[in-house]
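Visitor: I have some time to go through this model with you. Could you bring it up, and then I'll ask as we go?

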Amino acid sequence: MSSAFKTVSEEVDKLASNDSLEHILADSKSLLNNLRKLRNDVENDQDDMTMIKTQFKKWNENTLKNEKSINKSIKSYSSKIDKVLNFNLSDVYTYQTVDVNSNPRARKLVDRAIVMDLLRNGHFDVLEHIERQRGIKIPQELIDKFKQLNEILISFREHDDLRPAITWAARHSNELKSIGSDLEFNLHKLQFIKLYNQSKNNEPFEAYKYARDNFPDFGTTHLDTISKLLFTIMYSSSTPDCGFENYLTDGDMSNETFYNQICQDYCSLIGLSSNSPLYNTLLTSYIALPSFIKYHRISKSSGNLNWTTTNELPFEINLPPSLQFHSIFICPVSKEETTSENPPMVLPCHHIISKDSLIKLSRNSVANFKCPYCPRTSTIAQAVQARFVNL
Amino acid sequence: MIHSVDFHLQLKQSQFRTPIEVLRKNFKCIQKLVETQKSYCICQIKLIENTRNKQEKLDLIDATIRQQEMFSSDIERMVKEHNKYISKLKLRVHKLKQFQIIYDGHTGKFSSEEALAKYAAVYREEINLLLIDFLLKSSYMDPIHSDKYNSGVILAKKLGLDNLIDYDVILQGLEIYNEIKFHKNLKILIKWCTENKKSLKAIQDENDPKSSLKFETYFQSFIENVKLAELSKALEIASEYLVNFLDMNVDENLYKIASGAALLCWNRTYLDDTVRPTHNREHEKSYSFYDQSMNMVNQIEGNILPLKELLEESKWSKLADFFLFNFNSIYGISQKPDLLLLLSVGATALKTRSCVRPSTFSEVSTRDINFDDYLIDTKNKDGRIAIHNECPICSPDLYELTHDIPFSHQVKSNIYDDPVMLPNGNIYQYDKLISKSSKISGENFDRSKLMPAQLFKELKDSIGTLGKNEFTGLLDNYESLDPLTGEVFKREQITKVFPT
């Protein structure tokens, strides 16, 4: 299956195992030693040159042999690699590309997208160089926002300290709730578990006190979880294997998930998409590219695949749900994607078709018509324009 | 989803091509050194043999020893360089094994989504490499550039990826590129052409037998001499180098040399004088058909324009571009930064006809690019946080960039289960609408200490407009709030819809 990789790794091994160059070096050093010996001999009035001559001849022969060997290895690697590495991205993606050479504005936009990605990842030191070298000015306000995020994440990840995150979440409690985020509660939960685990062997008062101080505010929304957590305190200290400890580890409690949730919610609160657009798009490309390769292969072998719709890919790409950002509604009548010009329309029977189809069915909005999916008849005036919203 | 490690290998082939070219060059250097050392030794041994005087003999041996010492340390340095690249190759193979583990080990076990989440770090590294590659390759346009502080190199080192990208080779190519483009340095180019004679020939045969970097280089040198009015030097280049390209049966070269020769009888000022009036004559073109003399003027223009092009500054950037093409081909470096191609691939897969420019963006203009779009106020008028469009194509980062990229091809609806419509036409997934709604309304039970006074008032106001009694005007469980618009509807107004 992965034949190219096999070839490449074999070739690398072969090349790496060729130690001819080491021999060349060793031989050259031994010739040097022989020269030194010769000097000694001459110093002591024994000027016999036959010795050095044979040694020189030997050096010459060996070096030549070693040169041949390494040369052969390099050549063989090159030709094998040339054979298996034959993929060319621009052969496969033949559509309009983002181009920066002819378009200085595009180059600046790419730079900006990269800057945003690096900001999200906290590479402030690298950004200083980029600013200077590429003539970009990043507003201090923006940098400060991401520096704050970075501090929260670093103390969480490197020092296992949740307090900065909790302080931040408490300050933005309402905003977090309004975007439907449980982050604040989850952070308290994590902190509770941390305290609990620290003091488990003694008395879990620390955790209990923490719970009393912080959980009441979440009673209306998370009562179930809270009772489970506190329940655990009562039981676990006396019966270690009672199984209730599961409550303390269940769900999406891995640090990585938390880390991502903090990142995403923070970005949402400052009005940015939760993940880096550049990152998500490049990630998508890895999923989409095989479809391009497949289409390229088929169109090459079949010679001619006619495709008339301009500015649209000739094939479908299946993306996982996490990379589908818009609700796509294909009109069941016309099989066309609905857009803002041709929006979905809800009929009185609650079936949905596109506006173009509706106009056609109603013969330019004059006639009553039957819904294509049920017996009910309606007029165009009864249809309601709708919009699919993703939450 | 990609099913094998080969896919990634193909995308990263320059990781395995560049080093071998470096190794090959390094080996050629060793060969040359050995050759020189050999003839030197033969010579010295003979001399030593034929010298009778002991002291002279010792002096000769000492010189030989010194030379051999230098030779050995040179070889040692080159062997080190060789081993450095070998270990890079090994490391790269090792890195690729990660993908083999991902794909071969779990075929069928994961959906692509799970694989993405599980191996996010691996993909993040791939993407970081793309960023580094772009930062490196586009650095020639930087207002300030220095190899040491190149932001691509700095990022690579910071992320510990500097062994996965041959930045020194990339930057070396760009340095020559800049020398040609901005300093009109032909010497460095001629030197490079000679060093890479064999490989250049191969590239020429493979791509376009008619275009030769060497020819273009000498031709440029010829033109420069004409510009400086160094005619004898120009002719010298012509007779020494350019003629060699004549017998290749290539018409184009003949034509180029001929037009170059024509330059000999004009100089720049003369050409400028002849061509300059063109701009004022646009309107005369229409009736020039009837005017014999205008016809002639147009003809002269037509003849002279190509000559003028030869003298243009842009000729230098073309030459520099052509050099870089050859340089990249030799080292197996992709001509365009892969970031841009993959960005296009990803963007076209994501781009739907519903992708719109968010209204919060500042106006598109020809203004310089800034970060204003990232500093907008995120709240709605009524104090709720706006619902974000998570789509990368709709983001300020990529919206304008991906404007000309084709749309994806959609054949399937991806509407959620249980869609419900509010009276304003907005359709939501029922569960999400209710949970979101209750989260927001939950705040009301929750005493006003968590509720900003202003949001509280807004909510009350909006309820007021629906004609509800203000004293009972808390959002109760029998009502629902449109998270997008903030409108409040009775639950009975929510209707189930059937997208088929």
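Visitor: What is the bridge partner of A:Val346 in E5(A)?
Guide: The bridge partner of A:Val346 in E5(A) is A:Val384. Before going on, note that this is a predicted model, in which local features need pLDDT of at least 70 and side-chain atom pairs count only at pLDDT 80 or more, while totals for chains, interfaces and linings use all residues. Residues are numbered from 1 along each chain as its sequence is written, and chains are lettered from A and ligands numbered from 1 in the order in which they are written.

Visitor: How many bridges join E1 to E5 in chain A?
Guide: Strand E1 (residues 344-346) of chain A is joined to E5(A) by two bridges, and they run antiparallel. Strands here are DSSP runs of E with at least two residues, helices are runs of H or I with at least four, and both are numbered from the N terminus; two strands pair if DSSP finds at least two bridges between them.

Visitor: And which order do the strands of that sheet take?
Guide: The order is E2-E1-E5 in chain A, an open sheet of three strands with antiparallel pairing. Strand E2 (352-354) and strand E5 (384-385) of chain A each have a single partner strand, so one side of each is left without a neighbour in the sheet.

Visitor: Switching to helices, at what angle do H1 and H3 of chain A cross?
Guide: Helix H1 (residues 3-17) and helix H3 (residues 50-84) of chain A cross at roughly 170°, with axes that come within 10 Å. The axes are lines fitted to C-alpha atoms, for helices over the stretch in contact, and angles run from 0 to 180 degrees between N-to-C directions. That makes H1(A) roughly antiparallel to H3(A), a term for angles over 145 degrees, whereas those under 35 count as roughly parallel, 65 to 115 as roughly perpendicular and the rest as oblique.

Visitor: Which residues make the contact?
Guide: Among them are A:Ala4, A:Val8 and A:Leu15 of H1(A), and A:Tyr77, A:Ile81 and A:Val84 of H3(A), where contact means that C-beta atoms, placed from the backbone, lie within 7 Å. The residues of this contact divide into six nonpolar, two polar and three charged; Ala, Val, Leu, Ile, Met, Phe, Trp, Tyr, Cys and Pro count as nonpolar, Asp, Glu, Lys and Arg as charged, and the others, Gly among them, as polar.

Visitor: How many residues of chain A are in contact with chain B?
Guide: 136 residues of chain A are in contact with 135 residues of chain B. Helix H15 (residues 277-302) of chain A gives the largest share of the chain A side, 15 residues, and that side divides into 76 nonpolar, 37 polar and 23 charged.

Visitor: In which sense do E6 of chain A and E2 of chain B pair?
Guide: Strand E6 (residues 387-388) of chain A and strand E2 (residues 426-429) of chain B pair in the parallel sense over two bridges, with B:Ile427 as the bridge partner of A:Phe388. They belong to an open sheet of four strands in the order E6(A)-E2(B)-E1(B)-E5(B), where the pairing is mixed.

Visitor: Where is confidence lowest in chain B?
Guide: Helix H18 (residues 453-465) of chain B is lowest, at a mean pLDDT of 41, while helix H16 (residues 338-350) of chain B is highest, at 95; pLDDT is the predictor's confidence in each residue, from 0 to 100. Over residues 441-477 of chain B the pLDDT is below 50. Where pLDDT is low, the predicted coordinates should not be read in detail.

Technical notes. Two residues are in contact if their C-beta atoms, placed from the backbone, lie within 7 Å.
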